[in-house]
Amino acid sequence: MITGLERIAAKARSEPKLRFTSLAHHITEARVWESLCHIPTNSAPGCDGKTVAEEQEAFGDWIEPMLRSVHRKCYRPPPIRRVYIPKPGKQEKRPLGVPCVADRALQRSVAEVLATIYEQDFLPCSFGGRRGLGAHNALGTLNEVIAGKKVSWVLEADLKNFFGSIDHGWLLRFVEHRVGDPRVISLIRRWLKAGVLEDNVMHPNDEGTPQGSSISVLLSNVYLHYVLDLWFERVVKPRLRGEAYLVRYIDDFVICFQYRTDAIRVQHALHRRLAKFALALEPNKTTLVEFGRFAQRYAPKRGEETS
C-alpha cells in the first residue's frame with residue numbers, strides 16, 4: 001500500500017515546481033508519537049523540565065490540544081533552552097538549543113513530512129541531516145572526486161556562525177517555493193521566532209535557527225540548497241574553464257577545481273553570494289590549497305616538492 005508520504009515524494013519528484021498546499025494533515029497523532037519514541041530517553045529536558053518518559057506518559061493529555069493549535073495556526077512553541085557544549089580539541093564552546101520534549105516531537109514530525117519533498121530536490125553534493133547521507137558518505141564522495149577527477153586545487157570552506165546567521169525572511173521565501181500550506185509556514189515562522197532562555201533570561205530570536213533543534217538541520221539544508229548548491233551547479237560551473245565539484249556537509253563544504261584561476265574566481269564570487277544572504281566565510285577556517293593527483297603530477301615540472 002502506498003502511504004501518504006510516498007505519494008508526496010512521487011509528486012515532488014515528478015513536478016519539481018509544485019507548491020504543496022495541504023501538508024498539515026500528515027502531522028498526525030501517530031506520527032508525533034513515533035517521533036516522540038525516537039527521542040532518546042536520556043535526552044536533556046527543555047525549559048519546562050519534562051523528560052521523555054514523562055511526556056510519553058502524558059501523551060494523551062497534550063497531543064490533541066497541540067494538533068488543534070497547529071491547524072488553527074495558533075501553536076506557540078515554548079522557549080528554547082540554550083546550553084553550551086565544548087568543541088572537540090578547542091577551548092571555545094558551541095551554543096546548542098534544547099527544545100522541550102513535546103515540541104521536539106512535533107518538530108521531528110514536521111521535518112519528516114518536509115524531508116519527503118526536499119529529498120527529491122536536494123542535489124547529490126548535499127550531505128548531513130539526511131537519511132543515509134552522513135559524514136562518512138561525504139568523505140567517501142570527496143575521496144572519489146579527488147582520486148578520480150581532474151582536481152588540482154581544493155577550497156576548504158567554513159561558514160561563520162551559520163546557524164546563528166540564517167536570515168528568517170530569505171529562509172521563509174525558500175521554503176515557500178515548495179510549501180504553500182499556511183499552517184506549516186506558520187509553524188516554521190513561530191519556531192524561528194521562539195525565544196531563547198539562557199541563565200533564566202529570555203532573549204528574542206530575530207535571526208538564525210537554534211543548532212540542536214530537530215527542524216534546524218532540515219531548514220539549514222534548504223537554505224544552503226538555494227544559496228550555495230543550486231548557484232554552484234547552475235550558475236558557476238557552466239562559466240568555468242575546467243572541472244569543478246562541490247561536496248557539502250551541512251555548513252562545511254569543499255570545492256574541488258581543475259584550475260587555480262577558476263578557484264580564485266569562485267572564491268571571490270562566493271564572498272559576494274554569501275553576503276547577499278547574510279552569510280560569511282570564517283577566514284581562519286577557509287583556505288585554498290593545491291591538492292590532488294593532478295597537482296602531484298605537475299608539481300615536479302614547476303620544481304616543487306611532491307611529498
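**Figure 1. Salt bridges across the model.** A salt bridge is a side-chain nitrogen of Lys or Arg within 4 Å of a carboxyl oxygen of Asp or Glu. The structure holds 10 of these salt bridges. This is a predicted model: local features need pLDDT of at least 70, side-chain atom pairs count only at pLDDT 80 or more, and totals for chains, interfaces and linings use all residues. Residues are numbered from 1 along each chain as its sequence is written, and side-chain values use heavy atoms, with hydrogens and water left out. Side chains of opposite charge can pair when their charged atoms come close.

**Figure 2. The salt bridge of Arg-31 and Glu-112.** The two side chains meet at 3.4 Å, N to O. The pair links distant parts of the chain: Arg-31 lies in helix H2, Glu-112 lies in helix H5, and 81 residues separate them. Helices (H or I, at least four residues) and strands (E, at least two) are DSSP runs, numbered from the N terminus. Buried means under 20% relative accessible area, exposed means over 50%, and partly exposed is in between (1.4 Å probe, protein chains only). Arg-31 counts as buried, at 17% relative accessibility. Glu-112 is partly exposed, at 28%.

**Figure 3. Two further salt bridges.** Asp-181 pairs with Arg-183, and their closest N and O atoms are 2.9 Å apart. Asp-181 is buried, with a relative accessible area of 0%. Arg-265 pairs with Asp-262, the closest N and O atoms being 3.9 Å apart. Both Arg-265 and Asp-262 sit in helix H11 (residues 260-276), three residues apart, so about one helical turn separates them. An α-helix has 3.6 residues a turn, so residues three or four places apart point the same way. Asp-262 is buried at 1%.

Figure 4. Helix H4 (residues 59-71) has 13 residues. From first C-alpha to last, H4 reaches 18 Å, close to the 18 Å expected at 1.5 Å a residue. That expected span is 1.5 Å times one less than the number of residues. The buried residues of H4 are Phe-59, Trp-62, Ile-63, Met-66, Leu-67, Ser-69 and Val-70. Seen down the axis of H4, they fall within an arc of 160°, so they line one face of the helix. The arc is that of the directions from the helix axis to the C-beta atoms. Gly-60 and Asp-61 are exposed, on the face turned away from the buried side. The buried residues pack against helices H2 (29-38), H3 (52-57), H5 (101-118) and H9 (182-193). Contact means heavy atoms within 4.5 Å. Lys-73 follows H4 and has a positive phi, near 60°.

**Figure 5. Helix H8 and its packing.** Which residues of helix H8 (residues 168-175) are buried? They are His-168, Leu-171, Leu-172, Phe-174 and Val-175. Down the axis of H8, these buried residues fall within an arc of 160°, so they line one face of the helix. They pack against H5, H9 and helix H10 (216-236).

**Figure 6. Thr-116 in helix H5.** Thr-116 belongs to helix H5. Thr-116 is buried, with a relative accessible area of 13%. Neighbours within four places in sequence aside, Thr-116 is in contact with Leu-5, Ile-8 and Ala-9.

**Figure 7. The four-stranded open sheet.** Four strands line up in the order S2-S1-S5-S6, with mixed pairing. Strand S2 (93-98) and strand S6 (201-203) stand at the edges, each with a single partner strand, so one side of each has no neighbour in the sheet. The twist averages 40° from one strand to the next. Axes are lines fitted to C-alpha atoms, for helices over the stretch in contact, and angles run from 0 to 180 degrees between N-to-C directions. Two strands pair if DSSP finds at least two bridges between them. Strand S1 (residues 80-86) and S2 run antiparallel, joined by six bridges. Arg-81 has Val-98 in S2 as its bridge partner.

**Figure 8. Strand S7 and its partners.** Strand S3 (residues 126-127) and strand S7 (residues 244-249) run parallel, joined by two bridges. The bridge partner of Ser-126 in S7 is Arg-248. S7 also pairs with strand S8 (residues 252-257), antiparallel, over six bridges. Tyr-249 stands opposite Asp-252 in S8. S7 and S8 form a hairpin with two residues between them. In the turn, Ile-250 has a positive phi of about 55°.
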